Amino acid sequence: MQGYILRTQKVKDEDLLVYILTPSNVVKSYRFYGARHPSVMNGYKIDFELIENINFLPQLRSVLHLGYRWLQDRDKLIIWQQFMRLIYDHLKDVDSLDEIYFNELDLCAKRFELSNAKRLLIESYVRILEYEGRLHQEFECFVCDEPIVGKMCLTRGFLPSHPHCFARSEFDMKKIEKLFDTKSTIELNDEEVNSLYKIVLEGL
């Protein structure tokens, strides 16, 4: 079985609770401490086995780290781990999942080395919102319900608003419309990307 480690949590001694996103669910497992255990860290993609336990959580065993070279880039690793926390918070109470979440992480991980990390994750965020039916492409202000023309603001979940209704960083509506349509940040400058990424970190 393969998955991405969304979260690790220390328990007694050096044992860990490990939350792993697989194509079908978020697995909550227990990793007993031992000198021979490979490192498990938030953001790693791993191949693993689960030893079922009737009275307790399944035990995480036979862990193999499926590494990417960019994990050695501290800046990219931090951004990647931020996205893992966001995905964990979004999915932690869901029993079963469609493959889109795992596939999105797979897609981003494969492109992370040669692409701008923040741009990749913004584009992934938009695709997830669209899949969940929460991408607001009608561009009506969520505060006053009136159409938006020209400049606009966005908040968590990329909800659109007028600048005078909900003051945040302003964006050109045409650029955001292009982002939502094409799932590409190509027309956005770095300042706009940084502003959008701060919104992404507010949560899905």
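**Stop one: a charged pair**

Select Arg127 and Glu104: they form a salt bridge, with 2.8 Å between the closest N and O atoms. (That term takes a side-chain nitrogen of Lys or Arg within 4 Å of a carboxyl oxygen of Asp or Glu.) Before moving on, note that this is a predicted model, where local features need pLDDT of at least 70, side-chain atom pairs count only at pLDDT 80 or more, and totals for chains, interfaces and linings use all residues. Residues are numbered from 1 along each chain as its sequence is written, and side-chain values use heavy atoms, leaving out hydrogens and water.

**Stop two: the two domains**

Now colour 1-114 as domain 1 and 122-203 as domain 2; these bounds come from an automatic or database domain assignment. Their centres, taken over C-alpha atoms, are 29 Å apart. Show the contacts (heavy atoms within 4.5 Å): 12 residues of domain 1 meet 11 residues of domain 2. The count between the two domains is 1 salt bridge.

**Stop three: the domain 1 side**

Next, pick α1 (74-91) and α2 (100-111), the elements that each give two or more residues to the side of domain 1 touching domain 2. Helices here are DSSP runs of H or I, at least four residues, and strands are runs of E, at least two, numbered from the N terminus. The largest share of that side, 6 residues, comes from α1.

**Last stop: a strand**

Finally, jump to Leu64 in strand β5 (residues 59-65). Where is Phe48 relative to Leu64? The two are 16 residues apart in sequence and 6.3 Å apart in space, C-alpha to C-alpha.
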